[in-house]
Amino acid sequence: VDSLRSEGLPHGLMRDVAATITFAALASALAVGCGVGVAIFVRANRDARAALLARMAGLGYAIPGVALALGLLPLFAVFDRASDVAWRAIAGAPLGLILIGSGAAVVFALAIRFLAIAIGGVEAGLARLSPNLDGAARTLGMRERELWRAVQWPLVRPALAAAALLVFIDAAKELPATLLLRPIGVETLATSLYGGAARGQFEEGAVHALLILLIGLAAALRLARDSARSIKGP
């Protein structure tokens, strides 16, 4: 405490907060988007193969973050290398690391890691809708895209928001995947907390831990408020 009073907040704290929120928000949006696609496919094709696809898509949640990151790292490296070679051949200039250098690798890894949460949330929202709604819409000539936009989306929007918040909370505090795949010089609250604890700078780490807690608490309070609102109805 005395150290914080004399030296102030840790250097780069706001950049860590911005990186944490950015990675978590993008991963949440990507996971929910993919979850919507998987859930709609399963709802439209009620067979064992569709259910197997959904279970396979959610396997990332059962894999430890460090194992997932190490498994994805060679794939990202191959893509970045191939893109750089192709761009050199076309433009005659280096392209650099597209996925690993931009932070996109972190977003993809977090989305894969927590895709099961998004799929479960979307499936729970769609399960509340009667299949008769889909049948009635199809008799009116609606295609799958029109059915989702006009009928399903307004009704499952609270479930999507809840799924997005759950993914956001988990992604904001994910350490192993972020630590291994983040661009050089970019830190999140979780990686800075780990670094501070490894160096024995527990006062600095405590600030990052508190902010992780506050971000998760804010998202959880929003989730609770939305849930209460959906129960009460309009």
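1. A171 is buried in this predicted model, with a relative accessible area of 5%, and a reader can find A171 in helix α9. Leaving aside residues up to four places away in sequence, A171 touches A24, L110 and F114.

2. Two packed helices are described by the angle between their axes and the distance between the axes.

3. Which residues of helix α3 are buried? In α3, which runs over residues 48–57, they are A50, A54 and A57. These residues lie on the same side of α3 because they cover an arc of only 65° around the axis. The face turned away from that buried side carries A48, R49 and M56, which are exposed. Among the elements that cover the buried residues of α3 are α2, residues 13–44, and α7.

4. A pair of aromatic rings is described by the distance of the centres and the angle of the planes. A search of the whole structure finds two aromatic pairs, and one of them is formed by F76 and F108. Their ring centres are 6.5 Å apart and their planes stand at 35°, so the pair is tilted. Because F76 lies in helix α4, residues 65–91, and F108 in helix α6, residues 104–113, the pair ties together parts that are 32 residues apart in sequence. As for accessibility, F76 is buried, with a relative accessible area of 9%, whereas F108, at 34%, counts as partly exposed.

5. The residue I100 belongs to helix α5, residues 99–102, and with a relative accessibility of 18% I100 counts as buried. Its contacts, not counting residues up to four places away in sequence, are L73, F76, A77, D80, A105, L181 and P183; F76 is thus a partner of I100 as well as a member of the tilted pair. I100 and L221 are 121 residues apart in sequence, and their C-alpha atoms are 33 Å apart in space.

6. Turning to the chain as a whole, the secondary structure comes to twelve helices and zero strands. Of the 234 residues, 39% count as buried, and the C-alpha atoms fill a box of roughly 70 × 55 × 30 Å along the principal axes. Among contacts between residues at least 6 apart in sequence, 73% join residues at least 24 apart.

Terms used. Residues are numbered from 1 along each chain as its sequence is written. This is a predicted model: local features need pLDDT of at least 70, side-chain atom pairs count only at pLDDT 80 or more; totals for chains, interfaces and linings use all residues. Side-chain values use heavy atoms; hydrogens and water are left out. Buried means under 20% relative accessible area, exposed over 50%, partly exposed in between (1.4 Å probe, protein chains only). Helices (H or I, at least four residues) and strands (E, at least two) are DSSP runs, numbered from the N terminus. The arc is that of the directions from the helix axis to the C-beta atoms. Contact means heavy atoms within 4.5 Å. Rings of Phe, Tyr and Trp (its six-membered ring) pair if their centres lie within 6.5 Å; planes under 30 degrees apart count as stacked, over 60 as edge-to-face and the rest as tilted.
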